[in-house]
Amino acid sequence: MLRFTIKRLTSGIILLLAVATGTFFLAHLAISDPTAGLLGTTATPAQQEALAVKLGLDRPLLVQFWDWFTHAIVGDFGNSWRNFQPVTAQIALKLPVTLSVVTFATIITAIVGTAVGLISGLRPGSLIDRIVKASTVVLFALPGFWVSLVLVMWFAVQLKWFPAVGYVQPGQSMEGWLRSITLPAVALAVGAIVAVAEQLRNAIVTVNKQDYVRTLRSRGLPQHRIILHILRNASPAALTVLALMFVGLLSGAIVVETIFSLPGIGQLTNSSSQIGDIPVLLGITVISVVFVVIVNFALDVTLGWINPKARVR
């Protein structure tokens, strides 16, 4: 298990370094002249040139990369080109908002997706199974922004149960914080619930037909203990989808944060990309990849613990 863990950790670090390097050069190729976006259309060529010198853009690209890379590996992503504030501090300020929404959405997905997949998988072909399958097709096809708008119209405007926009810090009010992230989290979770439930349902149907499950039933084992055995063997597929959904929810937060006016990473990404603030975009990308590596590492270790055969990969 230790060798398996070290192998997965090493591959994650290599992935992080490769993505960080590739993103740096792609960002500078895509935004060839960031001074135009930073100063606006009324800036003169002299002003643009002065800003380029101030930002160090007159240096060779490889020199810029090495300077950025050697600082980034110790957590220093430089200063924002927009306000010259440390990028790390700006991300640290925005990240809790996005993580709270995405984590809450993942918890909703895990609970509801498991319940729906379990009920549907234990009774394949039943009325409940057919209703769930038909519903999942419809829900999976719904765009996230449309779901967000419907939730706002029903639960914020009509029923007034939740705020339509805005974010409340947990230090100000725990109830207010929970109410402010509920609708964004539900909007993110709808599509993920469908994917997890469908994957778990199919895995349960397959496991339920195995000989050892029939043996457990013939020995008179209680139903709840049989279900636990089925869930343990069917869970790897659902865990994989749930981990992928968590990563996908991080990127999907951009749309949801815009609709609900949440001051998170999505909003920071949107505003930074509009003016070509490359240091902020690079910092957000690296932090996002770090979360991807952590989630995949945790998933691999969990799957390796549940099923020793997974360590052979």
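Modeller: One term to begin: helices (H or I, at least four residues) and strands (E, at least two) are DSSP runs, numbered from the N terminus. By that rule, Ala253 lies in helix 10. This is a predicted model, where local features need pLDDT of at least 70 and side-chain atom pairs count only at pLDDT 80 or more, while totals for chains, interfaces and linings use all residues. Residues are numbered from 1 along each chain as its sequence is written, and side-chain values use heavy atoms, with hydrogens and water left out.

Colleague: Is Ala253 buried or exposed?

Modeller: Buried, at a relative accessible area of 3%. Buried means under 20%, exposed over 50%, and partly exposed in between (1.4 Å probe, protein chains only).

Colleague: Which residues does Ala253 touch, not counting those up to four places away in sequence?

Modeller: Thr98, Val102 and Leu188. Contact here means heavy atoms within 4.5 Å. Also, the C-alpha atoms of Ala253 and Gln267 are separated by 8.7 Å. Those two residues are 14 apart along the chain.

Colleague: Zooming out, how many helices and strands are there in the protein?

Modeller: 12 helices and zero strands.

Colleague: And what does the C-alpha trace span along its principal axes?

Modeller: About 85 × 55 × 35 Å. Of the 313 residues, 39% count as buried. Take the contacts with a separation of 6 or more: 73% of them join residues 24 or more positions apart.

Colleague: What does the domain assignment give?

Modeller: Domain 1 (1-74) and domain 2 (87-310). The bounds come from an automatic or database domain assignment. The C-alpha centres of the two domains lie 31 Å apart. At the contact between them, 19 residues of domain 1 meet 16 residues of domain 2.

Colleague: Pockets next. Where does the largest pocket lie?

Modeller: Between domain 1 and domain 2, because both give residues to its lining. The space in it is about 400 Å³.

Colleague: What counts as a pocket?

Modeller: The search uses a 1 Å grid over the protein atoms alone. A pocket is an open set of points where a 1.4 Å probe fits, with protein on both sides within 12 Å along at least five of seven lines. Lining residues have an atom within 4 Å of a point. Grid points are joined across faces, edges and corners, and a volume is the space filled by probe spheres set on the points.

Colleague: Which helix supplies the largest share of the lining?

Modeller: Helix 4, with four residues. Helix 1 (2-30), helix 3 (45-55), helix 4 (61-72) and helix 12 (278-306) each supply at least two.

Colleague: How many nonpolar, polar and charged residues are in that lining?

Modeller: 10 nonpolar, six polar and four charged. Ala, Val, Leu, Ile, Met, Phe, Trp, Tyr, Cys and Pro count as nonpolar, Asp, Glu, Lys and Arg as charged, and the others, Gly among them, as polar.

Colleague: Last topic, backbone. What is phi of Phe84 near?

Modeller: 60°, a positive value in a residue other than glycine. Phe84 is in the loop between helix 4 and helix 5 (87-122). Phe84 is partly exposed, at 36% relative accessible area.

Colleague: And where does Ser261 lie?

Modeller: In the loop between helix 10 (223-259) and helix 11 (265-275). Phi of Ser261 is positive too, near 55°. Ser261 counts as partly exposed, at 39% relative accessibility.
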